[in-house]
Amino acid sequence: MSHSEQPESAAARESATAFAPASVGNVAVGFDLLGHALEGIGDRVTATRIDEPVVRVTAIRGVVTDLPFDPEHNTAARAVASFRSALGLDFGIALQIDKGIALGSGLGGSAASATAALTAANALLARPLSKLELYPHALEGERAASGSLHGDNVGPQLLGGLVLATPDRMVPIPVPAGLIAVVVHPHFVLETRKAREALRGVYGLHEFVAQSEGLALVLAGCFKSDFDLIARGLRDVLIEPRRAVLIPGFMQVKRAALDAGALGASISGAGPSVFAWFADRAAAHAAGLAMAEAFANAGLASDIIVSAVANAGAHLIDP
């Protein structure tokens, strides 16, 4: 029995609104694989049943308004279109997008729109899908922004916390108690496609070995709640060297984080935001101020986000 043939229940809705958090993609060691959700900042999307069997974007509001309304190129609409087609739904869905995340910020903005839209659209079903079943549709939405399927943003946005996201599954990673992230977002746009273009070129085998070592140490440190292992592994020798030049003042910002006692620091997602992990919230706050000052010295104003790494994922909210 398809979803279009299932009897309606009290759980099905005519309209629903969902929030999806911003996220830190890659987490230095897990390019396109590892990410974690952030507190406070995120996107909201309202999904409403319509009679016409299509997915339509009817409003885009918030910190970004010049997004495409075309369902093929809008991440939220593309994700929901994939969802609707796979389920064979006999109704259409209209989307209203409220952006809280700037695009080109390295905070998973395009992914958050897709994840929030799917979470809202899912609530319109008599029998909603699991988050794992939503995952491939979120990946399809992400493809509209980056041209590739990678789950390091949509994975943690769906599940919350720290997630290892492969093309076919999401693996929650235990977060040691007290692990805090600080993210400093400079007022500077770095398009994801441009950041990915910077990765073209030849890589040495020793770079892959070093990167694999870092990922293994961070994951082992998380499972063992060992901050020393995390600190030994939390560095990016593969991607960061090629993208650092795209971010004004990056090396000074990173140095400010490390000088403040960070376990490690690197580029959040494709940049230009910079993140660092700490074992102490007060230290993270102090580091955020120092990192923002370093960006100011490079001529950029910035915003500071301090967040637990073990943060909630996408969820329904009152509109």
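Contact here means heavy atoms within 4.5 Å. This is a predicted model, in which local features need pLDDT of at least 70, side-chain atom pairs count only at pLDDT 80 or more, and totals for chains, interfaces and linings use all residues. Residues are numbered from 1 along each chain as its sequence is written, and side-chain values use heavy atoms, with hydrogens and water left out.

Helices (H or I, at least four residues) and strands (E, at least two) are DSSP runs, numbered from the N terminus. V182 lies in strand β7, residues 180-186. Leaving aside neighbours within four places in sequence, V182 is in contact with V274, F275, A276, F278, A284, G288, M291, I304, I305 and V306. The pair V182 and I304 is 122 residues apart in sequence, yet 7.1 Å apart in space, C-alpha to C-alpha.

Burial follows relative accessible area: buried is under 20%, exposed is over 50%, and partly exposed is in between, with a 1.4 Å probe and protein chains only. V182 counts as buried at 0% relative accessibility.

K99 belongs to strand β4, residues 92-99. Its relative accessible area is 4%, so K99 is buried. Not counting residues up to four places away in sequence, K99 touches G42, D43, R61, G62, V63, V64, L67, G109, S110 and S113.

The expected span of a helix is 1.5 Å times one less than its number of residues. Helix α2 (residues 109-122) has 14 residues and reaches 20 Å from its first C-alpha to its last, close to the 20 Å expected. All of α2 is inside: 14 of the 14 residues are buried, so the helix is largely enclosed by the rest of the structure.

Helix α6 has 20 residues, 205-224, and should span 28 Å; its end C-alpha atoms are 28 Å apart, which agrees. The buried residues of α6 are E207, Q211, G214, L215, V218, L219, G221 and C222. Seen down the axis, they fall within an arc of 160°, so they line one face of α6. The arc is that of the directions from the helix axis to the C-beta atoms. The face turned away from the buried side carries the exposed residues L205, H206, V209, F223 and K224. Packing partners of the buried residues of α6 are β2 (34-50), β5 (162-166), β6 (169-173), α7 (227-233), α8 (240-243) and β9 (274-278).

In helix α9 (residues 250-259), F250, V253, K254, A256 and A257 are buried. They cover an arc of only 155° around the axis, which puts them on the same side of α9. These buried residues pack against α8, β8, β9 and α10 (281-297).

E240 sits in helix α8. It counts as buried at 6% relative accessibility. Not counting residues up to four places away in sequence, E240 touches F250, K254, A265, S266 and I267. P241 is also found in α8. P241 is partly exposed, with a relative accessible area of 48%. P241 and A198 are 43 residues apart in sequence and 9.9 Å apart in space, C-alpha to C-alpha.

On a 1 Å grid over the protein atoms alone, a cavity is a set of points where a 1.4 Å probe fits but cannot get out; lining residues have an atom within 4 Å of a point. Grid points are joined across faces, edges and corners, and a volume is the space filled by probe spheres set on the points. The count comes to 1 cavity of 30 Å³ or more. The largest cavity has a volume of about 40 Å³. Its lining consists of N26, A28, D236, I239, E240, R243, S266, I267 and G269. α8 and β8 (264-267) each supply at least two of the lining residues.

Most residues other than glycine have a negative phi, and most peptide bonds are trans.

| Residue | Phi |
|---|---|
| N26 | near 75° |
| V27 | near 50° |
| S225 | near 50° |
| G261 | about 100° |

N26 is found in the loop between β1 (15-25) and β2. N26 is buried, with a relative accessible area of 7%. V27 lies in the loop between β1 and β2, and at 0% relative accessibility V27 counts as buried. The peptide bond from G271 to P272 is cis, with omega near 10°. P272 lies in the loop between β8 and β9.

How values were computed:
1 Å grid on protein atoms, 1.4 Å probe; cavity = no way out; pocket = protein on both sides within 12 Å on 5 of 7 lines; lining within 4 Å.
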